[in-house]
Amino acid sequence: MKYMMFFKKKEMEVPSNQLPQHIGFIMDGNGRWAKQRHLPRSAGHRAGANTLKSITRICGELGIPYITFYAFSTDNWSRPKEEVDDLMKLLYDYLCNADETIGGERVRIRVSGDMTRLDQKFQDMIADLVERTKARDGITATIALNYGGKDEIVHAVRKVAQRVKQGILEPEKITEEIIAQNLYNPDIPDPDLIIRTSGEMRISNFLLWESAYAELYFSKVYWPDFDKKELMRALEDYSHRQRRFGGV
Ligand code: IPE
Ligand code: IPE
Ligand code: MG
């Protein structure tokens, strides 16, 4: 037994000044996780929702100020109606009880995406949730819901075009800053690290503009199995990255 303890690996630690300030999670693999267990896809989504809670708690404890979870993409509407309905119901119930499901009374909840495609009841509940949690002092957890990176840019461009049309803004005066200010959450810093689970190595329309210089990390585990050990592995990896932002 003593022997075992000797070889037990120390829990990974990353100095706090080497932690990302904002992590984006592409929570992928719920369906395959369920399939592996001969369960319906809906069971995978429910298991994935639990991971969101534990990861929020761990990131909060680590002192990471911002996290964003990709919960439903603008392209996910193309899934079978049954799955879309199930996901919407899950997300609704989940967000209704956010203090319990996402965890803690300190978590500030934000959303990103085109909420106008959701039911009015859903939209009202979200507006209330964001308002109710906005003065909290814990981690800011953003739920990307009916979110698409291209769609977000289209919305920003429309707002900017409106000002051009009104004659307040010259087209030549449109800058990157102006576009950025018109994205869904201009006050939230760009993600430093994007983690995608399930072994897929793509961005799938997530935070296209904001992730221009994000570090990418791909984990092989399915989202419901993503745990503290996997997160620490990603953070450890990130702490050794050298970010250059185009410089030398
Ligand atoms: C991610 O899991 C959750 C959503 C996209 C809503 P998937 O449902 O994409 O799971 P896989 O990729 O089919 O395993
Ligand atoms: C990305 O996963 C979207 C979310 C995690 C919400 P998908 O499973 O929809 O992405 P693709 O289809 O594999 O690219
Ligand atoms: Mg998937």
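In this predicted model, the largest pocket is lined by 28 residues, and those nearest its centre are Met27, Asn30, Tyr70, Ala71 and Asn76. Several secondary-structure elements contribute two or more residues to this lining, namely helix H2 (30-36), helix H3 (41-62), strand E2 and helix H4 (81-96). Of these elements, H3 gives the most, with five residues. The volume of the largest pocket is about 550 Å³. Sorted by class, its lining consists of twelve nonpolar, eight polar and eight charged residues.

Both ligands were then examined in relation to this pocket. Ligand 1 takes up space that belongs to the largest pocket, and ligand 2 also sits in the largest pocket. The surroundings of each ligand are described in turn below.

Ligand 1 is surrounded by 13 residues, of which Met27, Asp28, Arg32, Arg41 and Arg79 are the closest. Helices H2, H3 and H4 each supply at least two residues of this shell. The greatest contribution comes from H2, which provides three residues. In terms of class, the shell around ligand 1 comprises three nonpolar, five polar and five charged residues.

Polar contacts to ligand 1 involve both backbone and side-chain atoms of the protein. On the backbone side, an N or O atom of Gly31 lies 2.9 Å from an oxygen atom of ligand 1, and a polar backbone atom of Gly29 is found 3.4 Å from an oxygen atom of the ligand. On the side-chain side, a polar atom of Arg41 is placed 2.8 Å from an oxygen atom of ligand 1. Taken alone, ligand 1 exposes 380 Å², and the protein buries 86% of that area.

The shell around ligand 2 is made up of Ile26, Met27, Asp28, Tyr70, Ala71, Phe72, Ser73, Asn76, Arg79, Arg196, Arg202 and Ser204. Strand E2 (residues 66-73) accounts for the largest share of this shell, with four residues. When the shell is divided by class, five residues are nonpolar, three are polar and four are charged.

Side chains of the protein make polar contacts with ligand 2. A polar side-chain atom of Arg202 is located 2.8 Å from an oxygen atom of ligand 2. For Asn76, the corresponding distance from a polar side-chain atom to an oxygen atom of ligand 2 is 2.9 Å, and for Arg79 it is 3.2 Å. On its own, ligand 2 has 390 Å² of accessible area, of which the protein covers 78%.

By class, the lining of the second largest pocket contains 13 nonpolar, six polar and seven charged residues.

Definitions and conventions
Residues are numbered from 1 along each chain as its sequence is written. Chains are lettered from A and ligands numbered from 1 in the order in which they are written. This is a predicted model: local features need pLDDT of at least 70, side-chain atom pairs count only at pLDDT 80 or more; totals for chains, interfaces and linings use all residues. Side-chain values use heavy atoms; hydrogens and water are left out. A residue is near a molecule or strand if one of its heavy atoms lies within 4 Å of it. A polar contact is a pair of N or O atoms within 3.5 Å; within protein, one must be able to donate a hydrogen and the other to accept it, and residues adjacent in sequence count only if both atoms are side-chain atoms. Accessible areas come from the Shrake-Rupley method with a 1.4 Å probe; for residues, only the protein chains shown count as cover. On a 1 Å grid over the protein atoms alone, a cavity is a set of points where a 1.4 Å probe fits but cannot get out, and a pocket is an open set with protein on both sides within 12 Å along at least five of seven lines; lining residues have an atom within 4 Å of a point. A molecule sits in a cavity or pocket if more than half of its atoms lie within 2 Å of its grid points. Ala, Val, Leu, Ile, Met, Phe, Trp, Tyr, Cys and Pro count as nonpolar, Asp, Glu, Lys and Arg as charged, and the others, Gly among them, as polar. Grid points are joined across faces, edges and corners, and a volume is the space filled by probe spheres set on the points.
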